[in-house]
Every structure is written in structure tokens, then in C-alpha cells.
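Have a look at the picture, then read on for a tour of its parts.

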Amino acid sequence: MLSNVKEYFRPKTVEEAFEMMEADREHSIFLSGGTIVALMGSSRIERIIDLKSLRLDSVSIKEDEIVVGATTTVEAFRKDPLMRKEFGDFFYDSFSLVGSWQIRNMATIGGSIAPKLGWSDVSACLLATGAGLMVYGPDGYRRIMLSDYFALPAGEKPLITHIIIKKDGWVSAFEKFSKTTFDIATVNVAISVRPERGRIKAARVVCGSRPQYPMRFETIENALEELEINDVMPSIVRSLVFDNFTGGSNMLASFEYRKHLASVMAQKAAEKIKEMVR
Amino acid sequence: MKIDFKVNGRDYSLEVREDMRLLDFLREELKLTGTKEGCGEGECGACTVIIDGKAVNSCLVLVPEIDGREVITVEGLERDGRLHPLQESFIEKGAVQCGFCTPGMLMSAKALLDGNADPSDEEIMEAIEGNLCRCTGYYKIVQAIRDAAGKLRNGKA
Ligand SMILES: Cc1cc2nc3c(=O)[nH]c(=O)nc-3n(C[C@H](O)[C@H](O)[C@H](O)COP(=O)(O)OP(=O)(O)OC[C@H]3O[C@@H](n4cnc5c(N)ncnc54)[C@H](O)[C@@H]3O)c2cc1C
Ligand code: FES
Ligand code: FES
């Protein structure tokens, strides 16, 4: 539990929030949904910067992109009519597996991405949709790919303001293996493909809870190009994931167990995609 | 720091600790001990309260977060000494054994019924998915929520 907090700020603008952080980064933390912050057992944190007054909690459409405010809760996001219209059941179903109803009412999309959690179902699904981020740092606003955000050096911690998802006609599916319904993933897999005349024109294959943060597997993606979407496609996906999976062991699972599970989850996701495309 | 908020319909304006959990604040400062602590980390739902209409785990909320907002706890369910239909149905259907999960269950159920007067069993189960019960096996809890929904629809509130 936090025990040494002396100041609690509610900035009204992104610039103000970032300045407050820069003023004393070592002793400060942003709070969005607060589900991680409230559980921190740290006496280092003396200043909390609550992002909820930034009014970044809506989902909107700009030309061919969906723009999601970083403090939008997971539950509001998955049930947003715009998300359902543009992405069907993908986010609605996938994010129903995030924690419990209470957790989803609190945890936000930005707060799920920012700490680069290995198990985040939110990050895995967004990576598979090729999502980008609008972030604010010392040089102002810039747009980066979510995959590049994960690769930022540890000391570089911009404020995420928006998540941007293209509506580009890709078809996506998600599978998660966990011990109980709302436990974190032992392994999760998200796959998106761009189908064209019954074949995969391009693919994004993401494995998460490896246990490191979710990652795209380009070797697999390249191997899937031009593959026919037929009954054998899911078992090919399974073999490719089994042969190319990289990750490690932790208390949830050994590397070998994870690799096996990841290949099975990938096959299941590919089955779903096959049904959707047909 | 000073914050303004509402709990169970009553307005408060109080000095609070910046790092105190809402759960502890309710129990220790406001003496509303109906809200329980099971796990203290978002896993069991015993601490569920409703903030601005949404069911949340009060063990994961810091008190300053409720500034300007409205909280309902299990103590806010009864009206003029009369139990809420959900409380009545939990008793009538045998949905309470040791009772430790009950306050949290009731608050998740209330948040559900406030937004959905006629939920399916699947919707009921989704609403209480974050509330663990070690005693009842859940069946009677689902029955009780369905029963209370019927009472509320028929105006027996
Ligand atoms: C019991 C439990 C079960 C869970 N199960 C799952 C699950 O199954 N799947 C899953 O995906 N997740 C799950 N989660 C949610 C997940 O683990 C995190 O708790 C949640 O995603 C954090 O979101 P938040 O908005 O509450 O973040 P916060 O606690 O507010 O913040 C988290 C971190 O990110 C930083 N931060 C927040 N917002 C920003 C921003 N906009 N820019 C820069 N930095 C920021 C904060 O400073 C902090 O360091 C679970 C959580 C709990 C407690
Ligand atoms: S005490 Fe809050 S979820 Fe268990
Ligand atoms: S009645 Fe005992 S835990 Fe639910």
C-alpha cells in the first residue's frame, strides 16, 4: 500500500500533467484507473497526478481512424457503440476476459498499455490491430506505433493521450488461457489478417504473457502471406507458432508449456478467423 | 487534502489522507463496516461499492478519487428501515450462508439492475463474475437476483 503520499494533483491539461511529472519524476506517479497504483507498496511515491480531469475518456472517429482517449475504461471501450460498429465482437468479446466487471469499470486503456504489462490482454489485442498512440513528452505531441512504445528505453516515459486504431477491414480474433475466468493470462494470442479472395494478404500475429510484454512475430506473419484460408490453415498457424514462439518461464508456466499453449490458442484464433472470412 | 463527496445520499466535505484506500475510509472513518475486505487486491469483490453508477472494488480506489462523486455502500440499500428487494430476495432464496460475500454481491447486483431491469442469467453471472462466494455455489444468488429484478419490475420496491 502507498504510505507516503503528500500531494494529490488533478491537472486540467495534458501539458500541465506532464510538467507536474517532470517537476519530480522520482517521487511522482500518474493515476488513471488506479488499479495498479492503489496496489503499489511503495514509500517512494509522494505525489499522485490523477489524469481523470483531462477529459480523455471518449471514443470518436476521425476519417478512417478511431481515436480513443487514454482514460476511457476497458468496459466503456468494449461497449462503445462505435467500437461495436467498426470492430464487431472483437473488442467486445476479447475485453470481456479482462479481470472482472469491477476491474473493467476502473482499469483504463491508457493505464493498461503504459506499464508494459506482459499479461495485458488489452495490449495484445491492440498490437494485433496495428494501433498507434498519441503521446506527449518533452518535445510535445508525437504519434508512435504501439510496438515502438514497448521498445522505448526504460527512462523514456511519455504521457499517453490517445490510442488510434485504423478501420482498415482486417479481421481479428483473440484467445486467452488462464487458470480461472478472471485470472491474468498464462498466455494470450491475438491474430489479425487482411483477407483477399480467400487468401491471407497480410497478417499480424501477437503472443502475450510470454511472460514478457506482447510481441508481434514477423517470421510467422511473413510465412502466412498468400496462404489460402481453408480448413488446414489453422493447423499451419499452430505449427508456425510452435516453431517460432519465443518467451520464457515464470511461476505461471514453463517455456515449454507456454509454447504449447500459445500454438493451441493460435490455432483456435485462426479457426475463428476462418469462420469469419468464409 | 479536502474533498467533497456523497455517500448513501449524504453530503460530506472532509479532510482525507491522499493515500488512504476508499475501503479503509468507509470502514474506519465513516464507520460503514458493511463493506468487507477479503483479498485487498481486486480479486474477491467483497469490497464492491457503487461509484457514480458503476460497481468498483473499493480496495483499489484512493479516497481523493471520490472527490465530486457519489458512492453507495450496502448500508445505502435499505429505505426507512425496509430492506431493498435485493436484500429480501437474498434472504428468501437462501442466497446467504456465512454472509461475507453478501454486501459485495448485493452492490454488483444493484449496479446491474439499475441499468438493466430484466437481465438474463448470463448477464447476472457476468455482473457477479468478480464476486467470489465460498459457500453457496452461486445458484441461489443468481436466483435471488432474478427474483429481485421481478419484484422491482412489478413495483414491489
Ligand atoms: C485483480 C485484477 C485482475 C486483472 N486481470 C486482468 C486481465 O485478466 N487482463 C488484463 O489485461 N488486465 C487485467 N488487469 C488489469 C491490469 O492488470 C491493470 O490493473 C490495469 O490495466 C491498469 O489500468 P489502470 O487504468 O488502472 O492503470 P493505473 O493503475 O492508473 O496506472 C498504471 C501505470 O500506468 C501509468 N499510467 C497510467 N495512465 C497513463 C498514461 N495515460 N500515460 C502514461 N502513463 C500512464 C501509471 O503511472 C502507472 O504507473 C487486472 C487487474 C487486477 C487488479
Ligand atoms: S477486498 Fe477488494 S476485491 Fe477483495
Ligand atoms: S455466503 Fe459465504 S462467502 Fe458467500
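What you see is a predicted model.

Which residues make the contact between α2(B) and α3(B)? From α2(B) come Leu86(B), Gln87(B) and Phe90(B), and from α3(B) come Thr102(B), Leu106(B), Ala109(B) and Lys110(B). Sorted by type, the residues of this contact are 4 nonpolar, 2 polar and 1 charged.

## The domains of chain B

Zooming out, chain B is split into domain 1, covering 2–76, and domain 2, covering 85–153. Taken over C-alpha atoms, the centres of these two domains of chain B are 21 Å apart.

The two domains also touch: 14 residues of domain 1 of chain B are in contact with 13 residues of domain 2 of chain B. On the domain 1 side, the elements giving two or more residues are β3 (48–51) and β4 (54–57) of chain B. Strand β3(B) provides the largest share of that side, with 3 residues. By type, the domain 1 side divides into 7 nonpolar, 5 polar and 2 charged residues.

## A four-stranded sheet in chain A

Over in chain A there is an open sheet of 4 strands, in the order β9-β10-β11-β12, with antiparallel pairing. At the edges sit β9 (171–177) and β12 (215–216) of chain A, each pairing on one side only. Strands β10 (residues 187–196) and β11 (residues 199–208) of chain A run antiparallel and are joined by 9 bridges. One spot to look for is Pro195(A), which stands opposite Ile200(A) in β11(A).

Two helices go with this sheet. Helix α11 (residues 255–277) of chain A packs on the sheet and touches β9, β10 and β11 of chain A; the direction of α11 makes about 35° with that of β10(A). Helix α7 (residues 121–128) of chain A lies across β9, β10, β11 and β12 of chain A, running at about 15° to β10(A).

## Parallel strands in chain A

Another set of strands in chain A pairs in parallel. Strand β3 (residues 47–50) of chain A is joined by 3 bridges to β1 (residues 7–9) of chain A, and the two run parallel. Strand β2 (residues 28–31) of chain A also runs parallel to β3(A), with 4 bridges joining them.

What is the bridge partner of Tyr8(A) in β3(A)? That would be Ile48(A). Ile48(A) turns up again as the partner of Ile29(A).

## Where the chains meet

Finally, the two chains: 20 residues of chain A are in contact with 22 residues of chain B. On the chain A side, the elements that give two or more residues are β1, β3 and α5 (101–106) of chain A. Helix α5(A) gives the largest share of that side, 5 residues.

How do the residues of the chain A side that touches chain B divide by type? There are 10 nonpolar, 7 polar and 3 charged residues.

Conventions:
Residues numbered from 1 in each chain as written. Chains lettered and ligands numbered in written order. Predicted model: local features only at pLDDT ≥ 70, side-chain atom pairs only at ≥ 80, totals over all residues. Contact = placed C-beta atoms within 7 Å. Nonpolar A, V, L, I, M, F, W, Y, C, P; charged D, E, K, R; others polar. Domains from an automatic or database assignment. Pairing = 2+ DSSP bridges. Axes fitted to C-alpha atoms, helices over the stretch in contact; angles between N-to-C directions.
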